Amino acid sequence: MVLLHVLFEHAVGYALLALKEVEEISLLLPQVEECVLSLGKFHNIVRLVAFCPFASSQVALENANAVSEGIVHEDLRLFLETHLPSKKKKVLLGVGDPKIGAAIQEELGYNCQTGGVIAEILRGIRLHFHNLVKGLTDLSACKAQLGLGHSYSRAKVKFNVNRVDNMIIQSISLLDQLDKDINTFSMRVREWYGYHFPELVKIVNDNATYCRLAQFIGNRKELNEDKLEKLEELTMDGAKAKAILDASRSSMGMDISAIDLINIESFSSRVVSLSEYRQSLHTYLRSKMSQVAPSLSALIGEAVGARLIAHAGSLTNLAKYPASTVQILGAEKALFRALKTRGNTPKYGLIFHSTFIGRAAAKNKGRISRYLANKCSIASRIDCFSEVPTSVFGEKLREQVEERLSFYETGEIPRKNLDVMKEAMVQAEEAAVEIARKLEKQEKKRLKKEKKRLAAIALTALENSSSTPEECEEMGERPKKKKKQKPQEVPQENGMEDSSSSVLPKPKKKKSFSKEELVSSDLEETAVSTSFSKRKKSFPKEEPASDPEEAGNSRSVPKKKKKLSSKEEPVSSGPEEAASSKSSSSKKKKKFKKTPQD
C-alpha cells in the first residue's frame, strides 16, 4: 500500500503530514471537502509526522525564494530525507506547487502529486495549521505570514536604481501622449488665430513655431520693421520673417478685440511650454536609455527601443522574446487578422519606425526587418544580463545591419558575426575598465566632498561653541576684569596675609565679615580693615612702591587709601564702582561697631 504524505510550506517552517485511509480519500473527494471545514473530522484524516521551524526570518525568506523558483533548498532536502521513509517507491508526496514537486522528484526520487485531493487537503491544513502544531497560536502564525510576505515582496521589487526600466515605459508613454496633445492644441491655435491672420498658416508649417509667432505678433497691425529681427530669431529664416511682415500689411483677416487676443496669447504660451517640456522629456528619455539599454538604443534609436520595452512590459520580457516575436511586436492586430482571413502576415511592427527599413528597397524590407529583429533580440539580452552596460555591442550590431543593407543593394559580402563579436568583446572589456575607473574617480570625489563638508560643519560648530562664551565675557564681565587682576599682584607683595583676601571677591567678603561679627574680636576688625585697605591700594598699577609701606605704617595707610581711591577709582573703573566701594566700606564699618551689641 502506497503511503501518502503531504508537504506544507508555512512562514514558520516546513510540516510533513501523513494521510490515513488513502484509498477512501482518493475515491470520495466530496467527503474530503466536507471534512476540511470541521477540525474533528480533519484530525481523523490527517496527522502531523514532523515539523521543522525556521531558525530566523532570513532563513524563512531564503526558503520561500527557493520554493517560488522551483529549487530544493538544503533545509528542505534534509527535512525530507530525515522524515520520509527510506523506501521511495512506496511513498507518494503531495505538494502544492508543480515546479517544486518536479524538482523534488528529480533530485530526491520521490513520486510527487499535485492538484485534486491534494489541493483540498492543503486547504484544510492551511485552515487548521495552528491547531495541528503544538505551541503555535493563530496570532503568531498570522504575524509570521505578514512579516514573510513583506520581506518576500520587498526582495522581489528591489532592483538596481540606475537600471529601472519602469521610468522608460512611463516617459515614452507620456511622450506619445504629449505629441498627440501638442498637435491637437496647435491646430486649435491655428484655427483660432487664423481668423485674424490667415496668411501665417501657409508661411509657417511647424506647430511650435506658429504658437511662438502668434504669441509674439499679437495684433498684426502693430507689426513693423522694428520687430523684424525678433521674427528672424523665431523663424530662423530671414525670408520667412520678411514674408510674414509683408503678409501682415496686406492681410485679409478680421479685426480682433483685446480680450480675445489675450486669450489666444495665453493659450499659445501654454502650448509653447508644453512643447518645451516635451523637449526636456526627450532628453531625459535619452539619458535613461543610455543607462538601462545602451546597446539597444545604439542599434535602433532611443525612441524605437523605448517603445519596444514599453510594449513588451519590461526589458527582461523583451530579452526573453524570440526574434520572430520582436519582429512583429506592435502589429498583433494585423497578425491575428491575417491568421483569421488566411492572408499575408505582417513583416514588421514597431521596428518599422527604424531608419533601416525606410532606406531598404521594397523587395528587401521583409529581409532587413527579420535581420534587424534578430540583432535587436541580441542587444536586449546583452543589456538585460550584462553587469556593466556599454554601447559597444550596439554599435557593432548597427555596423552589421549597415553591411547587410549594403549587401542587399550592392552585393558586397559582409563580415562574419564571429569576427565582429570578437572585436566587440575586446572593446567592451576596455570600455568596462574605463567605466570602472571613472566610477572610482567619482567615488573618490564624493568622499572628498563629504569629508570637506563634515570638516566645515565641525569647524562651524567649534566656532559657535567658542564664540558664545567669549562674547558673554566681553559683554557681561568687562568691569570685572580689573578685579580679576588683583589676586595676581597681591600674593607676590604681601604673601599669606593677602591670599585670603585675594581669593574672596567682594560679595564673599561680606559673608566672611558676617562670620567674624559672631566672633566679635577687635584684633580681627583691624586685620580685616588693613586687608581691605591693602586691596584698595592694589587697584592702581602705577604705584607699586606704596605697597611696602603698608606693612610698617598700618594706621596712616587707610587715610591715604581713602583719598587715593576717591580720586583714582572714577578714572579706572567708572563712577558706579566708586560708589559701590564707598557704600560697601561704610557698611562694613557700621557692622563692626554693631557686633558687640548683638
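Visitor: How do you know that the span of α9 is close to the one expected for its residues?

Guide: In this predicted model, helix α9 has 29 residues and reaches 42 Å from its first C-alpha to its last. The expected span is 1.5 Å times one less than the number of residues, and for α9 that gives 42 Å, to which the computed reach is close.

Visitor: Which residues of α9 are buried, and what do they pack against?

Guide: With buried meaning under 20% relative accessible area, the buried residues of α9 include Ile168, Ile172, Leu175, Ile182, Ser186, Val189 and Tyr193. The buried residues of this helix pack against α10 (200–203), α11, α14 and α16.

Visitor: What is the reach of α14, and how does that compare with the expected value?

Guide: Helix α14, residues 258–292, has 35 residues and reaches 51 Å from its first C-alpha to its last, close to the 51 Å expected at 1.5 Å a residue. Its buried residues, among them Leu261, Ile264, Ser268, Val271 and Val292, pack against α9 (166–194), α11 (207–217), α15 (294–300), α16 (302–312), α17 (315–320) and α21 (365–385).

Visitor: Why is Ser268 called buried?

Guide: The relative accessible area of Ser268 is 0%, and because the cut-off for buried is under 20%, Ser268 counts as buried. This serine is found in helix α14, and, leaving aside its neighbours within four places in sequence, Ser268 is in contact with Val189, Cys211 and Gln215.

Visitor: What makes α14 roughly perpendicular to α16?

Guide: The axes of α14 and α16 come within 10 Å and cross at roughly 70 degrees. Angles of 65 to 115 degrees count as roughly perpendicular, and therefore α14 is roughly perpendicular to α16. The contact is made by Leu285, Arg286 and Met289 of α14 together with Glu302, Gly305, Ala306 and Ile309 of α16; by class, this contact has four nonpolar, one polar and two charged residues. The crossing of α14 with α16 is left-handed.

Visitor: Why are α12 and α13 called oblique to each other?

Guide: The axes of helix α12 (residues 228–235) and helix α13 (residues 238–249) come within 8 Å and cross at roughly 125 degrees. The roughly perpendicular range ends at 115 degrees and roughly antiparallel means over 145, so α12 and α13 are oblique to each other. Their crossing is right-handed. On the α12 side the contact is made by Leu228, Leu231, Glu232 and Thr235, and on the α13 side by Gly238, Lys240, Ala241, Lys242, Ile244 and Leu245. By class, the contact of α12 with α13 has five nonpolar, two polar and three charged residues.

Visitor: Where does Met236 lie, and is Met236 buried or exposed?

Guide: Met236 lies in the loop between α12 and α13. Its relative accessible area is 72%, and because exposed means over 50%, Met236 is exposed. Although Met236 is not a glycine, this residue has a positive phi of about 60 degrees.

Visitor: How do you know whether Arg342 is buried or exposed?

Guide: Arg342 has a relative accessible area of 79%, and because the cut-off for exposed is over 50%, Arg342 is exposed. Arg342 is placed in the loop between α19 (332–341) and α20 (355–359), and its phi is near 60 degrees, a positive value in a residue other than glycine.

Visitor: How many helices and strands does the chain have?

Guide: The chain has 31 helices and five strands, and buried residues make up 36% of its 598 residues.

Methods. Residues are numbered from 1 along each chain as its sequence is written. This is a predicted model: local features need pLDDT of at least 70, side-chain atom pairs count only at pLDDT 80 or more; totals for chains, interfaces and linings use all residues. Side-chain values use heavy atoms; hydrogens and water are left out. Axes are lines fitted to C-alpha atoms, for helices over the stretch in contact, and angles run from 0 to 180 degrees between N-to-C directions. Helices (H or I, at least four residues) and strands (E, at least two) are DSSP runs, numbered from the N terminus. Angles under 35 degrees count as roughly parallel, over 145 as roughly antiparallel, 65 to 115 as roughly perpendicular and the rest as oblique. A crossing is left-handed if the near helix is turned anticlockwise from the far one by less than a right angle, and right-handed if clockwise. Contact means heavy atoms within 4.5 Å. Ala, Val, Leu, Ile, Met, Phe, Trp, Tyr, Cys and Pro count as nonpolar, Asp, Glu, Lys and Arg as charged, and the others, Gly among them, as polar. Buried means under 20% relative accessible area, exposed over 50%, partly exposed in between (1.4 Å probe, protein chains only).
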